[in-house]
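Here is a short briefing for a first look at this structure. Please keep the sequence and the 3D view open while reading.

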Amino acid sequence: VSNSKPQIITLDVSAKIKEPQVVDCFPTGRLVCMLDESAGILEDHRRELVYFEKSDLNLPSGLEMKDIVMVMTRCRDVTIRFQASQVLDGPVKMIVHDGTIVISSNIERYFPEISVKKAVVSSRPNAFDPEKITRANAGV
């Protein structure tokens with residue numbers, strides 16, 4: 001032991017900052033309720049609640065609220081997919097990324113007059129207008 005050289009062991013103890021998690025709701029979410037004519041609450045595949053706005057949908061902007069609710073709740077094989085980030089406290093923890101709610105193209109079988117917009121996918125955390133947080137807090 002007397003002939004052994006001293007050894008220095010280095011450890012990296014720097015903290016790793018966890019990136020905000022983006023939830024990709026797949027295979028489908030569901031409509032929980034509408035808060036008013038322009039916003040509502042969805043539930044993702046893990047039963048987490050998510051704030052969204054009518055402008056996030058890939059449906060035509062001229063649809064009335066009752067038509068949107070019917071499309072999102074009555075059609076058996078129509079799926080709802082979206083991306084969201086967790087930014088809120090309380091029962092509703094997430095906000096949908098701008099324009100990412102995709103109602104599947106199967107909707108055309110039930111409502112041929114409705115044409116859906118192209119899907120938008122956003123995996124970037126907090127991919128929404130900062131004012132949306134204020135509107136979400138006021139809505140929920």
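The largest nonpolar core has 24 residues. Leu42, Leu59, Phe82, Ile101 and Ile103 have the most contacts inside it. A nonpolar core is a set of buried Ala, Val, Leu, Ile, Met, Phe, Trp, Tyr and Cys residues joined through side-chain atoms within 4.5 Å. Buried means under 20% relative accessible area, exposed means over 50%, and partly exposed lies in between (1.4 Å probe, protein chains only).

This is a predicted model: local features need pLDDT of at least 70, side-chain atom pairs count only at pLDDT 80 or more, and totals for chains, interfaces and linings use all residues. Residues are numbered from 1 along each chain as its sequence is written, and side-chain values use heavy atoms, with hydrogens and water left out.

- Helices (H or I, at least four residues) and strands (E, at least two) are DSSP runs, numbered from the N terminus.
- A second, separate core has eight residues, including Ala39, Val92, Ile95 and Ala136.
- Which residues does Leu42 contact, leaving aside neighbours within four places in sequence? Among them are Leu31, Val32, Leu49, Val50, Phe52, Met72, Phe82, Val96 and Ile101. Arg30 and Glu48 are also in contact with Leu42. Contact means heavy atoms within 4.5 Å.

**Strand S4 and its partners**

- S4 is mostly covered, with four of its five residues buried.
- S3 and S4 run antiparallel and are joined by five bridges. Two strands pair if DSSP finds at least two bridges between them.
- Gly40 has Phe52 in S4 as its bridge partner.
- S4 also pairs with S6, in the parallel sense, over three bridges. Here Val50 stands opposite Met94 in S6.

**Two buried loop residues**

- Thr100 lies in the loop between strand S6 (92-96) and strand S7 (102-103). Thr100 counts as buried because its relative accessible area is 1%.
- A polar atom of the Thr100 side chain lies 3.3 Å from the backbone oxygen of Gln83. Not counting residues up to four places away in sequence, Thr100 touches Asp56, Arg81, Phe82, Gln83, Val120 and Ser122.
- Asp56 sits in the loop between strand S4 (49-53) and helix H1 (65-74). Is Asp56 buried or exposed? Asp56 is buried, with a relative accessible area of 1%.
- A polar atom of the Asp56 side chain lies 3.2 Å from the backbone nitrogen of Gly99. Beyond four places in sequence, the residues that Asp56 touches include His97, Asp98, Thr100 and Lys132.

**Backbone exceptions**

- Most residues other than glycine have a negative phi, and most peptide bonds are trans.
- A cis peptide bond joins Phe26 and Pro27, with omega about 10 degrees. Pro27 is in the loop between S1 and strand S2 (30-34).
- Arg47 is not a glycine, yet has a positive phi of about 70 degrees. Arg47 belongs to the hairpin of S3 and S4, which has five residues between the strands. Arg47 is exposed, with a relative accessible area of 61%.
- Asn126 also has a positive phi, near 55 degrees. Asn126 is in the loop between helix H2 (107-110) and helix H3 (131-139). Its relative accessibility is 34%, so Asn126 counts as partly exposed.

Notes:
Polar contact = N/O pair within 3.5 Å; in protein donor to acceptor, adjacent residues only side chain to side chain.
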